Amino acid sequence: MSPEVATKIIVFYPEDGVSKVQKRQMTTQEGKNVCVAAIKGNFDDAQTGVKQIFGNAEIAKALANHNMMFSSANSINWGRLVPQIVYYISTYCELVKNEEIQNGDVVNVVVPTGNFGNILAAYYAKKMGLPIGKLICASNANNVLTDFIKTGVYDKNRNFKTTISPSMDILISSNLERLLYDMVDGDTETIKNWFAQLAKDGKYEVNDAVKARLSEEFFGGYCDDEQTKATIKKVFDKYSYLCDSHTAVAVKVYEDYKAQTGDDTKTIIASTASPFKFAGSVLEAVTGKKSDEDEFKQIQILGEISGMEVPKQLAELESKEIRFTDSVSANEMPQTVLESLGIK
């Protein structure tokens with residue numbers, strides 16, 4: 001059996017939680033083994049739905065009866081974190097190679113994050129021996145992680161905000177459980193109790209020992225959309241570097257960190273996406289006005305203004321056939337999975 005036949009890919013994405021370009025990337029997928037469906041809800045709804053499918057005994061039995069099993073390509077799967085660990089180490093090696101630091105010098109790391117996966121990878125790299133000082137967690141207006149790092153209280157009972165950095169529009173940061181598991185030295189009962197409280201009350205508070213470790217290892221900060229756009233403009237005008245709307249969050253939070261702490265340690269800022277994926281927001285930030293053009297014309301204009309070549313994969317999206325138009329509720333996700341696999 002060929003790999004294409006043996007591997008089925010099912011993609012769920014929040015219907016209103018991605019940019020138009022991101023949506024077009026998913027709905028025009030050409031693989032014969034791919035199924036794509038929008039979720040009527042936000043990222044948290046989609047991720048919770050996937051986790052529930054993974055833990056569904058009836059679905060597991062149905063898969064086993066058809067010689068199938070699940071895996072995940074997002075950071076639910078530990079395998080997603082492994083290459084992220086590698087690129088922090090690789091970046092450090094490049095800094096040494098370019099003589100910007102000496103081998104063994106401490107660096108800080110800033111990561112724009114909502115699900116806490118990418119910054120967790122940096123934490124693991126530090127535990128493996130990479131000389132990282134402060135891990136700076138940058139959030140958008142959905143600042144649940146900022147509050148948690150500062151107070152030790154995780155409280156998702158707040159309004160969900162749709163921002164121009166949609167990949168960070170998250171209130172349930174699933175990878176945080178992995179961090180806390182490490183910080184309590186594998187005490188599973190403590191972790192179980194905290195997350196049972198989260199499921200029941202939407203909040204939990206860690207103990208004083210973990211609060212101290214959080215404060216030692218991390219700094220949390222956030223910025224809103226207007227600050228994000230101002231940062232895109234500032235960085236472009238000063239450096240001719242075009243930040244996407246997620247990387248700009250990291251830049252702003254880093255500036256705030258330096259202003260508050262005076263720490264001028266060499267710092268790695270994780271740039272996490274192409275600005276052309278969020279052309280509307282980035283173009284508005286650079287020009288100071290909202291464009292009425294469609295997303296592909298915006299991409300073209302952004303390329304002309306920046307002098308950057310538009311990635312071929314994005315430029316070709318406009319002419320691709322839209323293959324997937326399904327939109328389902330979170331409750332319909334299990335049935336969608338079974339139907340896509342031909343299981344009744």
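Phe278 is buried, with a relative accessible area of 4%. This residue belongs to a predicted model of a protein with 16 helices and 9 strands.

**Overall form**

- The radius of gyration of the protein is 21 Å, which agrees with the value near 20 Å that a compact globule of 344 residues would have.
- Along the principal axes, the C-alpha atoms occupy a box of roughly 60 × 55 × 40 Å.
- Of the 344 residues in the protein, 46% are buried.
- When contacts between residues at least 6 apart in sequence are considered, 72% of them join residues at least 24 apart.

**Surface and charge**

- The protein carries 38 positive and 46 negative side chains.
- The centres of these two sets of charges lie 2 Å apart.

**Helix H6, an enclosed element**

- Helix H6 spans residues 117-127, and it is largely enclosed by the rest of the structure because 9 of its 11 residues are buried.
- The buried residues are Gly117, Asn118, Ile119, Leu120, Ala121, Ala122, Tyr123, Tyr124 and Ala125.
- The cover over these buried residues of H6 includes helical elements, among them H5, helix H8 (176-183) and helix H10 (208-217).
- Strands also contribute to that cover, including E3, strand E4 (132-139) and strand E7 (218-222).
- Just after H6, Gly129 adopts a positive phi of about 120°.

- Phe278 is placed in the loop between strand E8 (267-269) and helix H13 (279-287).
- With a relative accessible area of 4%, Phe278 falls under the 20% limit and therefore counts as buried.
- Leaving aside residues up to four places away in sequence, Phe278 touches Ser19, Gln22, Ile164, Pro166, Ser167, Asp244, Ser245, His246 and Ala273.
- The C-alpha atom of Phe278 is separated by 22 Å from that of Gln47, and these two residues are 231 residues apart along the chain.

**Val282 in helix H13**

- Val282 is found in helix H13, and it is buried with a relative accessible area of 0%.
- The C-alpha atoms of Val282 and Ile164 are separated by 8.9 Å, although the two residues are 118 residues apart along the chain.

**Ser72, a buried loop residue**

- Ser72 lies in the loop between helix H4 (57-65) and helix H5 (81-97).
- The relative accessibility of Ser72 is 15%, so this residue counts as buried.
- A polar contact of 2.6 Å joins the side chain of Ser72 to the side chain of Asn74.
- Ser72 also touches Phe54 and Asn77, when residues up to four places away in sequence are not counted.

**Lys97 in helix H5**

- Lys97 is found in helix H5, and its relative accessibility of 63% means that it counts as exposed.
- The C-alpha atoms of Lys97 and Gly31 are separated by 40 Å, with the two residues 66 residues apart along the chain.

- Most residues other than glycine have a negative phi.
- Glu99, which is not a glycine, has a positive phi near 60°.
- Glu99 is found in the loop between H5 and strand E3 (107-112), and it is exposed with a relative accessible area of 68%.
- Ser240 likewise is not a glycine and has a positive phi of about 60°.
- Ser240 lies in the loop between helix H11 (225-239) and helix H12 (247-261).
- The relative accessible area of Ser240 is 57%, and this residue is exposed.

Conventions. Residues are numbered from 1 along each chain as its sequence is written. This is a predicted model: local features need pLDDT of at least 70, side-chain atom pairs count only at pLDDT 80 or more; totals for chains, interfaces and linings use all residues. Side-chain values use heavy atoms; hydrogens and water are left out. Helices (H or I, at least four residues) and strands (E, at least two) are DSSP runs, numbered from the N terminus. Buried means under 20% relative accessible area, exposed over 50%, partly exposed in between (1.4 Å probe, protein chains only). A polar contact is a pair of N or O atoms within 3.5 Å; within protein, one must be able to donate a hydrogen and the other to accept it, and residues adjacent in sequence count only if both atoms are side-chain atoms. Contact means heavy atoms within 4.5 Å. The radius of gyration is taken over C-alpha atoms; the globule rule is 2.2 Å times the number of residues to the power 0.38. Lys and Arg count as positive and Asp and Glu as negative; His and the chain ends are not counted. The place of a charge is taken as NZ of Lys, CZ of Arg, CG of Asp or CD of Glu.
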